[in-house]
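User: I would like to learn how to read helix packing and a chain interface. Please take me through one case.

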Amino acid sequence: MIPNLIPSLDAAGLPGPPALFHVLLVSTFFLHLLFMNLTLGGTLLAAVAHRLGGGRGGDHRAVLAARLTAINTYGISLTITTGVAPLLFIQLLYQQYFYPATILLGWAWLGLLALLTLGYYAAYLYKFRGLPARGSGGGVWIAASALMFLLVAAIHVAVHLVSVQPERWAGLADGAWSVLADPSYLPRLLHFVLAGLGFAALVATWWAVRRARAGVEVELNTAIAAWAWRWVLWTTLLQVVDGFVLLVLLPQPVMRGLMLGGATTLVPLALAILLGLGLLMMAARTAEPAGQPGLVGGTLAAMLLAIAVMSVTRHQLRALYLAPFTADAAPTVVPQWGNFLLFAVLLAAGLATVACMLRRVLGSPASGAEAA
Amino acid sequence: MDYPIWDVALGGGMLMALVAIPHVIVAHFAIGGGLLIAVTETLAVRRSDFELRELARRSSLVLILVSTVFGAISGVGIWVVAGLISPAAISALIHTYVWGWAMEWVFFILEIVAALVYYATWGRISKQAHLLVGWLYVVGAYLSLVVINGIITFMLTPGEWLASRAFWDGFFNPTYWPSLVLRTGIALLMATAFMIFVALRAGVERREALLRYLGWWLVAGCVVAYAGYRWWEAVLPGTVRNLFRGAEPALAQLAATRSFALWSLTAALLLGLVVLVLAPRLARPATAAVLALAAFAFFGGYERLREGVRKPFLIHSHLFSNGLLLSAIPELNESGVAAHSGWVARGGEDGASLGRALFRAQCASCHTLDGYQSIRRALPSRADLAALAAAEGPEAAERAFRAECAACHAEVGAQEMQGMLPSAEEMGQDPEMMAELNRGMIAATLLELRDMGEAFTAAPHGAMVDTAPLFAPYMPPFVGTDRELEALADHLASLDRGAEPTPARQGGL
């Protein structure tokens, strides 16, 4: 008999209906993805821009690198902050798949902490000791930071793939590094990297276009927008190709589940593909984005929608991967509606407070003796 | 129990300490530091005091670099490590308190966004707006303590929750309020410990005033922490308190930890009074470092004590730290662990290989092979027996006995035990007999450990179990069938390298 390696469901049950937690998982993961894309893609793009700009402040690519870093030193904090919630909900909904995967890849999973810390401080070093503060240099720091975040992504993808394929656990426990042999590993990692690059480049374009339209350093911002926009175009093109590769490489039963899942799976998938192609067409429409702020804004909105839709598809794929194992596992549900309500109220109040604070801050500029 | 095991030579507990100790120090600094910075800036604005403002501004850079970066990552790190070393236990905790954590997350967002905005807007927005951001940070940071404190204290004193299983019964448990007071004091202590270094860099003419100002905060922190600590001790259930208090504490080591913590606090208070309040011109980076160390030592000592008295539970009287549910003991003894865990079943039907899998499932979360809390050292061995038999004179016998045997044979004396043993010569002649005796002791120990399970399940439902009278108060019971017990004994006996290691054993496991 082959022992069943999947741990039993937690005896404590779920303090709310599963659907509620699935919604919370996907929506908080989407939020996390936005900042994660900026961190991963933004740092990679900054490293490339720094290099191509020769590491000197005058170049438009160097200015872009400094800008992306300025966003990122805050963005990384928010990536971690927003990552906490999906990490909580995944431990709640998928603990019997998630923990074994992290344990089987124990050192790598633990190493994530060190990589994050190093990547983070390296970004700060670049900001304080490199080009953004001094006008030149510091390329090593930003490159190191990008490498760390790339490794973090690689670990996340590996853990995910192991967690959804319990049939691989026994081999992995015996020391076979079979995850890396998973044909979908690299395309999947690439999917995240390209999304990050595309999103960060698009945000950078959008910001530069806004500045140019406002009459601030028009020439510089126009150049930055045009350069970043090219990254949007090419990464999107590669992304569409990679997306299809990934689809083809899905294990047979998962693919079948996806195609036969009716509207629930097909609508998000079709929407994602259409959005991908749409993005490609929008990005190809112009080489001078500064002249078409509407197009850039529309592209950004479409990309946000694409990320949201892909979060749903990703979640559905996990369910399909795990379908053979979860068939007869229904957790006991002991709802704590009062606590859910309290959480919802606090969340609304917390976000409202943050919004009010930001409005107050933006509305109270001051300088000199008047300033804090 | 039914999860795979991650091998870490350092020991899971040690690794957790490495991540958790810096995290709690930084997390409390983030709370106290926020408060101190906000108060300081408020005073600076009122008095138009530039040096005070600079103290707040420079401290806020430390706050952001340390707390929003390191604090956040190490906080995630605690989950990461807990999931690696005791997944079933952390899963149970999360399933019980997920809404608590979700609420904490909301405050965490407020805290982080406010911290980032606060730091980024020095000199760029109006004073009033900046103060507002600072105070919102304080609110977010403190409320996250208010939430997490409920979950942490629940683990040691679940109170009514044991019977009712109601969220708020466990949350507002007997040690909730004392612990909140204690942690508030600690937060102030951590904040001043860090900010002294910032104040030392201020201009000469104002340095003393700033240090004295921080000195009063430190004194306040010490007083609040001490009051909270004594209150905490007073509300602990007697069975828990007796583990480290009274004439004969059951766990003498924890009694020493308590003294250490309280003396450290005294040292921090005295140093603070002398070096900061009375004679701030004496303050140097070195004295500040000693002061910070004393404050950390108190905090670390208290945390160790709190974790120590909770052993072997993750949630007292409900869930053991190796993931075993108290309520699952009878069933596991009846049908066996292998029937419930594929990872154990992979070890085979019986014999040392199954024993090894059982060891990994039940003991490895606390015992490493040769590192931290080495199982090989905890177990008797033929060499240990031979050492006692060969010891010449009462003193040598006493020493050998205390080192190797006393943990399990407190009821007999060293020489009495020596008398019961065969002579060293006889031992040398009959290694088989020695191996047999040794394995017999191990099996007998496991029987004792399994019997503890009955004591745990026999305890009245809904009450805290008194662990003091147990065979090993700091360990969960062994669970499993007779066959599993024998298999584990085989495995543990095979760890004995003995006086003459056989080639097969030289390669380790």
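User: How do helix 10 and helix 11 of chain A pack?

Analyst: Two packed helices are described by the angle between their axes and the distance between the axes. In this predicted model, helix 10 (residues 252–259) and helix 11 (residues 263–284) of chain A pack at about 95°, with axes 7 Å apart. That makes helix 10 of chain A roughly perpendicular to helix 11 of chain A, a label for angles of 65 to 115 degrees. Axes are lines fitted to C-alpha atoms over the stretch in contact, and angles run from 0 to 180 degrees between N-to-C directions. Helices are DSSP runs (H or I, at least four residues), numbered from the N terminus.

User: Which residues make the contact?

Analyst: Helix 10 of chain A uses G257(A), L258(A) and M259(A); helix 11 of chain A uses T265(A), L266(A) and L269(A). Contact means heavy atoms within 4.5 Å.

User: What area is buried between chain A and chain B?

Analyst: The size of an interface is often given as the accessible area lost when the parts come together. Here it is about 6300 Å², with 77% from carbon and sulfur atoms. The value uses a 1.4 Å probe and is summed over both parts. In chain A, I103(A), M357(A) and A372(A) lose the most area to chain B, together 12% of what that side buries.

User: How many salt bridges count between chain A and chain B?

Analyst: One. The side chains of D174(A) and R346(B) meet at 2.8 Å, N to O. The cut-off is a side-chain nitrogen of Lys or Arg within 4 Å of a carboxyl oxygen of Asp or Glu.

User: What are the ground rules?

Analyst: Local features need pLDDT of at least 70, side-chain atom pairs count only at pLDDT 80 or more, and totals for chains, interfaces and linings use all residues; side-chain values use heavy atoms, without hydrogens and water. Residues are numbered from 1 along each chain as its sequence is written, and chains are lettered from A and ligands numbered from 1 in the order in which they are written.

Note on methods: Helix = DSSP H or I, 4+ residues; strand = E, 2+ residues; numbered from the N terminus. Parallel < 35°, antiparallel > 145°, perpendicular 65-115°, else oblique. Buried area = accessible area lost by both parts, 1.4 Å probe.
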